[in-house]
Amino acid sequence: GDAEVSQWANVTSRETQRTREGRRRPRRGEGGRGSGASATGASERELAREARREETTRAAAEERRAVRPLSHITLADLQRKAVTWQEFGGGERRPWRSFSIPRSQKELEARVTDNVYHFVGNYRQCCLFCLFAVLYKRPLALFGAVAMALLWDWLERAHPTSADRSSRAYLAKEVSVKVACALIGMVLSVSTAVVSWFCTSMALCLLHAALKVPAHLTQT
């Protein structure tokens, strides 16, 4: 009887151990499906995170363009190199597609801001070209500008200190220099040349900035 009891106890203990191992061991195929589902979920989360990052970057770039008006332009911006004149003119193929009339004031402001920051080097060269063109048409204006600069330089050198500039002699010379500069400006058309250069340069640059569609908005 004792032998049968002990044998029955051994069989019962082995069955209990098998049952525990069966609970611990995952079913065939469940591990693969679980790992595949987790990998798919991780890839989807990574793609969603990348999409949110790109959206945030795009929104930040648009916000920088929107909150940075032309009044915040810096010297470093003005010293940027010019882009190719092909890009400035709208491209090699069908350049007229890069130009259009803005449909609203908001679009006009956005175009001007974006184009001034992007084409500032080209606008600088356009202003120099307009200056040379005006001086070519009115060469005497250049001599008048040089004469006016020399008169003011002579006045500053003759009275270098602030004490000298408070004297009557300095005041008399200053009035004489101003009158002489006014006469030179009228006779040699210096003022006319300056106004012509300024208006021509601003008209050319602003017309291009208003009509040129930025590259990221150009419809293909």
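Among contacts in the protein chain between residues at least 6 apart in sequence, what percentage join residues at least 24 apart? The share is 79%, where a contact means heavy atoms within 4.5 Å. This is a predicted model, in which local features need pLDDT of at least 70 and side-chain atom pairs count only at pLDDT 80 or more, while totals for chains, interfaces and linings use all residues. Residues are numbered from 1 along each chain as its sequence is written, and side-chain values use heavy atoms, with hydrogens and water left out.

**Overall make-up**
- The protein chain has 10 helices and zero strands, helices being DSSP runs of H or I with at least four residues and strands runs of E with at least two, numbered from the N terminus.
- Of the 220 residues in the protein chain, 20% are buried, that is, under 20% relative accessible area with a 1.4 Å probe, protein chains only.

**Helix 7 and helix 9**
- Helix 7 (residues 139–158) packs with helix 9 (residues 168–187) at an angle of about 175°, their axes lying 9 Å apart, with axes fitted to C-alpha atoms over the stretch in contact and angles running from 0 to 180 degrees between N-to-C directions.
- Helix 7 is therefore roughly antiparallel to helix 9, a term for angles over 145 degrees.
- Residues making this contact include Leu151 and Trp152 of helix 7 and Val177 and Ile184 of helix 9.

**Helix 6**
- The buried residues of helix 6 are Val120, Gly121, Asn122, Tyr123, Cys126, Cys127, Cys130 and Val134.
- These buried residues of helix 6 pack against helix 3 (75–78), helix 4 (85–88), helix 5 (105–118) and helix 10 (190–211).

Terms used
Buried < 20%, exposed > 50% of the residue type's maximum accessible area, 1.4 Å probe, protein only. Parallel < 35°, antiparallel > 145°, perpendicular 65-115°, else oblique.
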